[in-house]
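Here is a short briefing on one protein model. It covers a pocket, a salt-bridge network, a helix and a loop residue.

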Amino acid sequence: MEKKSTKFSGYNSVLNAQATEQLQWTKYHAKQGHGFAAEDMNALCDSHKWKKVDKVGLNNELNGADRIVNGVAIQTKYCRTANHSVNAAFKDGVYRYTGQKLEVPREQYREAVRLMAEKIREGKVPGVNDPAAAKGMVVKGKVTYAQAVRIAKAGNIDSIKFDIKSKHPL
């Protein structure tokens, strides 16, 4: 007869394996590894708030969403400044993620909204004419740029917290 603790351990192992499959940790050491870490952490925070998260971006489809949260497509851009984060969502001067919200580092949110409104005024966001729409297009990330950089590196408090949270799915 199998012990209860063995059954629980097996079940827990399956949950851990499933959680790990949804992470992009093998990309964290790349030049833009902090961006992948930010995607993972923001998705984890959403799921811990009981939101339905579909990490569709794991397939790296060109101009596709990184994730869909409660039916809303989100593209995450974590760059050093708000200007760089917003500009990373434009190609040849035009917003390339039509129908998707742009998620930026937590501390860049206000400036990113201002910059997106400016882009809308300049006619660089197809189908959007009202600069006030920028507030609904830009999403405040759950972590800062600096936290995302630390999550992508092993052995610090932010990366350890992330590891613990990601290994114990709800």
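Helices (H or I, at least four residues) and strands (E, at least two) are DSSP runs, numbered from the N terminus. By that count, H2 gives the most to the lining of the largest pocket, with 4 residues. The model is predicted: local features need pLDDT of at least 70, side-chain atom pairs count only at pLDDT 80 or more, and totals for chains, interfaces and linings use all residues. Residues are numbered from 1 along each chain as its sequence is written, and side-chain values use heavy atoms, with hydrogens and water left out.

**Largest pocket**

- A pocket is found on a 1 Å grid over the protein atoms alone; it is an open set of points where a 1.4 Å probe fits, with protein on both sides within 12 Å along at least five of seven lines. A cavity is a set of points where that probe fits but cannot get out.
- The volume of the largest pocket is about 580 Å³. A volume is the space filled by probe spheres set on the points, which are joined across faces, edges and corners.
- The largest pocket has 23 lining residues (an atom within 4 Å of a point). Gln32, Glu39, Gln75, Thr76 and Lys77 lie nearest its centre.
- H2 and strand S3 (72-76) each supply at least two residues of this lining.
- The lining divides into 7 nonpolar, 10 polar and 6 charged residues. Ala, Val, Leu, Ile, Met, Phe, Trp, Tyr, Cys and Pro count as nonpolar, Asp, Glu, Lys and Arg as charged, and the others, Gly among them, as polar.

**Salt bridges**

- The whole structure holds 9 salt bridges (a side-chain nitrogen of Lys or Arg within 4 Å of a carboxyl oxygen of Asp or Glu).
- Arg67 pairs with Asp46 at 3.0 Å, N to O. Arg67 lies in strand S2 (residues 67-69) and Asp46 in helix H2 (residues 33-48), so the bridge ties together parts 21 residues apart in sequence.
- Both Arg67 and Asp46 are buried. Buried means under 20% relative accessible area, exposed over 50%, and partly exposed in between (1.4 Å probe, protein chains only).
- Asp46 also bridges to Lys142, with the closest N and O atoms 2.7 Å apart. Lys142 sits in the loop between strand S7 (138-140) and helix H6 (145-151), so this pair ties together parts 96 residues apart in sequence.
- The relative accessible area is 1% for Asp46 and 23% for Lys142, which is partly exposed.
- Glu103 and Lys142 form a salt bridge too, at 3.9 Å between the closest N and O atoms. Glu103 lies in strand S6 (residues 101-104), so the pair links parts 39 residues apart in sequence.
- Shared partners join Asp46, Lys51, Arg67, Glu103 and Lys142 into one network.

**Helix H4**

- H4 (residues 109-121) has 13 residues and reaches 18 Å from its first C-alpha to its last. That is close to the expected 18 Å, taken as 1.5 Å times one less than the number of residues.
- Its buried residues include Tyr109, Leu115, Met116 and Ile120.
- The buried residues of H4 pack against elements including helix H3 (82-87), S6 and S7. Contact means heavy atoms within 4.5 Å.
- Gly123 follows H4, with a positive phi near 75 degrees.

**Arg106**

- Arg106 is in the loop between S6 and H4. Arg106 is partly exposed, at 41% relative accessible area.
- Not counting residues up to four places away in sequence, Arg106 touches residues including Tyr78, Lys140 and Lys142.
- Arg106 and Tyr145 are 39 residues apart in sequence and 7.4 Å apart in space, C-alpha to C-alpha.
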